[in-house]
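Here is a short report on one protein model. Please read it alongside the sequence and the coordinates.

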Amino acid sequence: MKKLIRPAMLILPLGAGIFFPQAAILAQAPYNFIRWALGAMIFCNVLQINFSDLKPRKEHFTVLLLNILMGIIPFYLLRFLCPADPVYSHAAFFTGIAPTATATAVIVSLLNGNVAFAITGFLITNIGISFVLLFLIPLISGNFTAAFLLNVLYSIVIAILIPMLCARITRHFFPAILDHTAKLKNFTLLIWSASLFIIAAVARQYFDQNAGASLGVLCILALISGVLCALNFTIGYFLTKSEFRRDTSQILGQKNTTFALYLALEYSTGIAALSTIFYVLFHNLWNSIQLLSFHGKRK
């Protein structure tokens, strides 16, 4: 029964959001639900990290560089191929540049990988990508004003850096909270499901307003996400020596899609954010195949 809970928490909110497009208003000001959901998830995840286990290696910074390139190169390629419609280039950018997901450490542990290596990759990519986006978001948007740059800085500080800092302070002064990690994980899953519900509503609202292009746009976004997912896992695997191949593949391939959702909604269109939902489906499919294959070989 427990094995069915997580897939249900992914599929049911998406289905429900399609039938309630009115919920799309929650993604906009003054509610900004995705922003606060991301902050809460980052807080819960960083709260459980023991910093003494972190050991940065050159592979982590190589992954960070490739992570940045996986956003920039597809963006310029699609902007060249589809100059009239920025939706595709923006979808590729925000999906490709999304940093490592915290859940990567879980998959790495199930594959008998190096969990500390994965957690270190999560922190380095999330902090590094946040810093780089201060300059890349104005670049892709074409808005280089000081006001816009400050707005980007505010968005990243509120959604990423402050939750990380609050998590460290809470862990230091209230260590007993670590006795409730199971509840924190359930709370994180609940927030993620609510975010999926809202983004599905945003997508439905877009399709209602652009019915003629809906199916074509949907297929192209799915293709973009599928290609990016395959490239990330494959490049990550061959990035380093055999000792860390599976780990670097996960760090580059399994992405913090909530972060990508938030950025796409904040600095592009709701339909561009839909590509991150496809990415969730693809990287979970790949993880399932890996786990089945790995445990099949062990047996």
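## Basis and confidence

This is a predicted model, in which local features need pLDDT of at least 70, side-chain atom pairs count only at pLDDT 80 or more, and totals for chains, interfaces and linings use all residues. Residues are numbered from 1 along each chain as its sequence is written, and side-chain values use heavy atoms, with hydrogens and water left out.

pLDDT is the predictor's confidence in each residue, from 0 to 100. The protein has a mean of 85. A value of 70 or more is reached by 93% of its residues. Helices are DSSP runs of H or I with at least four residues, numbered from the N terminus. Among the elements, helix 3 (residues 58-81) has the highest mean pLDDT, 95. Helix 1 (residues 2-19) has the lowest, 68. Where pLDDT is low, the predicted coordinates should not be read in detail.

## Backbone geometry

The loop between helix 1 and helix 2 holds Pro30. The peptide bond from Ala29 to Pro30 is cis, with omega near 10°. Asn32 sits in the loop between helix 1 and helix 2 as well. Its phi is positive, about 50°, although Asn32 is not a glycine. Asn32 counts as buried because its relative accessible area is 14%. The classes are buried (under 20% relative accessible area), exposed (over 50%) and partly exposed (in between), with a 1.4 Å probe and protein chains only.

Asn112 is another non-glycine residue with a positive phi, here about 60°. It lies in the loop between helix 5 (104-110) and helix 6 (115-141). Asn112 is exposed, because its relative accessibility is 53%.

## Salt bridges

Which residues pair up by charge? A salt bridge is a side-chain nitrogen of Lys or Arg within 4 Å of a carboxyl oxygen of Asp or Glu. The count by this rule is 2.

| Salt bridge | N to O distance |
|---|---|
| Arg35 and Glu266 | 3.1 Å |
| Arg57 and Glu59 | 3.2 Å |

Arg35 and Glu266 form a salt bridge that links distant parts of the chain. Arg35 is in helix 2 (residues 33-47), Glu266 is in helix 11 (residues 257-267), and 231 residues separate them. Arg35 counts as buried because its relative accessibility is 8%. Glu266, at 29%, counts as partly exposed.

In the other pair, Glu59 is buried, with a relative accessible area of 5%. Arg57 has 32% relative accessibility and so counts as partly exposed.

## Around Arg35 and Ser155

Contact means heavy atoms within 4.5 Å. Leaving out residues up to four places away in sequence, Arg35 touches Tyr154, Ser155, Ile158, Ala159, Tyr262 and Glu266. Ser155 is part of helix 7. Its relative accessible area is 0%, so Ser155 counts as buried.

What does the side chain of Ser155 reach with a polar atom? The backbone oxygen of Asn151, at 2.9 Å.

## Around Thr125

Is Thr125 buried or exposed? It is buried, because its relative accessible area is 1%. Thr125 lies in helix 6. Its contacts, not counting residues up to four places away in sequence, are Val63, Leu64, Asn67, Pro99, Thr100 and Ile251.

A polar contact is a pair of N or O atoms within 3.5 Å; within protein, one must be able to donate a hydrogen and the other to accept it, and residues adjacent in sequence count only if both atoms are side-chain atoms. The side chains of Thr125 and Thr100 are joined by one, at 3.0 Å. The side chain of Thr125 also reaches the backbone oxygen of Phe122, at 3.2 Å. For scale along the chain, Thr125 and Val280 are 155 residues apart, and their C-alpha atoms are separated by 18 Å.

## A nonpolar surface patch

Leu165, Ile169, Phe173 and Phe174 form a nonpolar patch on the surface. Together they have about 460 Å² of accessible area, computed by the Shrake-Rupley method with a 1.4 Å probe, where only the protein chains shown count as cover for residues. Patch residues have over 30% relative accessible area and no salt bridge; like charges are joined within 9 Å and nonpolar side chains (Val, Leu, Ile, Met, Phe, Trp, Tyr) within 5 Å.

Leu165 belongs to helix 7 (residues 146-173). Leu165 counts as exposed because its relative accessibility is 53%.

Definitions and conventions
Helices (H or I, at least four residues) and strands (E, at least two) are DSSP runs, numbered from the N terminus.
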